[in-house]
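Open the structure in a viewer and keep the selection tool at hand. The stops below are meant to be taken in order.

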Amino acid sequence: MDELNYKSYRIEAENICVDYHGKVALYDANLRLKAGQICGLVGMNGAGKTTFFNALTGFVNISKGKIRINGESLRIAQQDQSIAYVPQSEGIDSQFPVSVWDVVMMGRYGSMNILRSPRESDIQAVKDAIERVDLMEFSSTPIGNLSGGQRKRTFLARAIAQRASILLLDEPFAGVDIRTEKLISELFIQFKNEGKTILLSTHDMIHVREFCDLVLLINKTVVAYGETSEVFTPENITSTFGGMSPDVLFGPES
Amino acid sequence: MDLCFLSTNITSFVADPLSHEFMRKALLMSSLVAAVCGFLSSYLTLKGWALMGDAVSHSVMPGVVVAYALGLPFSLGAFIFGVGSVALIGFVKQKSRVKEDTVIGLVFTGFFALGIVLVSKIKSNIDLHSILFGSPLGISLSDVKQTVFISLLVVILLSVFRKDLILYCFDPRHAKTVGINVLFLHYLLLTCLSLAAVVGLQSVGIVLVVAMLITPGATAYLLTDKFDNMTIISVISAIISSVFGIYFSFWFDLETGGSIVLVQTFIFLFAFLFAPRYGIFKFKKLFSSY
């Protein structure tokens, strides 16, 4: 029974620690997410949000703790294309000479042969993904010629083309236009219905209340974790942001 | 009459050097080297490895000297020291609080100094001038074989792993997430860099080989938004630079390496000023509303 329970978690991070050259970025962090759950990752700049993502994608090694994805090791999760990461805008070189099509095709690389030559199914997956983010007319456009919102949608399409069961999104709503924001919101509902697990970092408290079933408040370690309605309280937010009150941070209506 | 005189002049400008065996060889070999360096150049420019290219190309110096002294293929010594310098840079960076660019500068100047000291100490027929500034006109048959072999190897590696390397330069985190071996790609690119530096230094010498590795890519980057086009432009501009550089050096009695790199720099300058979209004068805007 226990084994069954264990396997039912999509993401399970247990007491994970990450340090960069002896400098602790994250310690004793825990997280458990099931299929169809959307969790908000909230914290100050430098609180360890991106580090948390890096640990879950295997981009940095954890110095302590354990990460299981679908009950398996990270290496197997990577081979199975289980995790897709959607970077924040600053995380990529927007002037890199690749087109929307190229970027979305990168979502398929993990399941292609060594030369990464696309099969019919890969081409179809890329087409479908670009259609879902409404960028068909831009598919041959270099990413440098897109708006911030269109670029964000391109990376979402890459995650869709990858057909991952877990989506990690770093600041998906930062710097996007209204149309993109609406499209992302709709996609979230579709993803949830498809049973995908989503972990997203955000600075926007309204988005947390709107989309997230669960919230993980971090400041180098987990400050609070649980259902949004219970955990997302002014007291918890205040302690997450180093003693500053939510009024100061986000205005009185927050 | 004038036109006839001009055309005779141009014909002799082009044809005269070709009557010399050493010039034909120099033109062919330098074009090959330029093509390989130009090919790699698009990756290095986008990865932001200009300083790394400088480091590797200088660090091969002691390797070349030792290999010559021991009668080994100079490319072997150069390759060992090139890769060794990169490993050392990585090690020092990880184990100390000194910043990366400082570590790179520190390690490669150390290796370079070791090379210069070795040349002065090992009494042999090593020509310091040809190592530092290249000697495409005096390339030997065994050097030709090595160069062709290394060039083919680099081109094959870059072609087979082309898409993975583009992804590695663009978004290594995604590569890692989908199970692609990022560490392998890192060392693959470094290996290609070391090998390209080895062949490049014959053309323009250790001091200037970094130009062969970054200038064509930078020029191409100003002219296109497509990676494939960037590679093609980069290779073509590198070959043109080599050919014109050698011609100028023949006719005006210039140092060949310097002449090649100077042509590259001029082509970059031209792109910098007049590139349709990214040049200072943005020609496209003058002709269309786009």
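The tour goes through chain A and then chain B.

This is a predicted model, in which local features need pLDDT of at least 70 and side-chain atom pairs count only at pLDDT 80 or more, while totals for chains, interfaces and linings use all residues. Residues are numbered from 1 along each chain as its sequence is written, and chains are lettered from A and ligands numbered from 1 in the order in which they are written.

**Stop 1: the sheet of chain A**

Select the six strands of the open sheet, in the order β5-β6-β7-β3-β8-β9 (chain A); the pairing is mixed. Helices (H or I, at least four residues) and strands (E, at least two) are DSSP runs, numbered from the N terminus, and two strands pair if DSSP finds at least two bridges between them. At the edges are β5 (83-86) and β9 (222-227) of chain A; each has a single partner strand, so one side of each is left without a neighbour in the sheet.

Next, select β5(A) with strand β6 (residues 166-170) of chain A: the two run parallel and are joined by four bridges. Ile83(A) has Ile166(A) as its bridge partner in β6(A).

**Stop 2: strand β3**

Select residues 38-42 of chain A. Five of the five residues of this strand, β3, are buried, so it is largely enclosed by the rest of the structure. A residue is buried if 20 or more other C-beta atoms lie within 10 Å of its own, with C-beta atoms placed from the backbone. Ile38(A), Gly40(A) and Val42(A) point one way from β3(A), and Cys39(A) and Leu41(A) point the other way.

Strand β7 (residues 197-201) of chain A runs parallel to β3(A), with four bridges, and Leu199(A) in β7(A) is opposite Cys39(A). Strand β8 (residues 214-218) of chain A is also parallel to β3(A) and joined by four bridges; here Gly40(A) stands opposite Val215(A).

**Stop 3: two helices of chain B**

Select helix α2 (residues 21-47) and helix α8 (residues 141-160) of chain B. They pack at an angle of about 25°, with their axes 10 Å apart. Axes are lines fitted to C-alpha atoms, for helices over the stretch in contact, and angles run from 0 to 180 degrees between N-to-C directions. Angles under 35 degrees count as roughly parallel, so α2(B) is roughly parallel to α8(B).

**Stop 4: a span from the record**

Finish with residues 230-250 of chain B, one of the spans that UniProt (unreviewed entry) lists as "transmembrane region"; such annotations may be inferred rather than shown by experiment. This span is 100% helix and 0% strand, and its end C-alpha atoms lie 30 Å apart.

Technical notes: Buried ≥ 20, exposed ≤ 12 C-beta atoms within 10 Å, placed from the backbone. Parallel < 35°, antiparallel > 145°, perpendicular 65-115°, else oblique.
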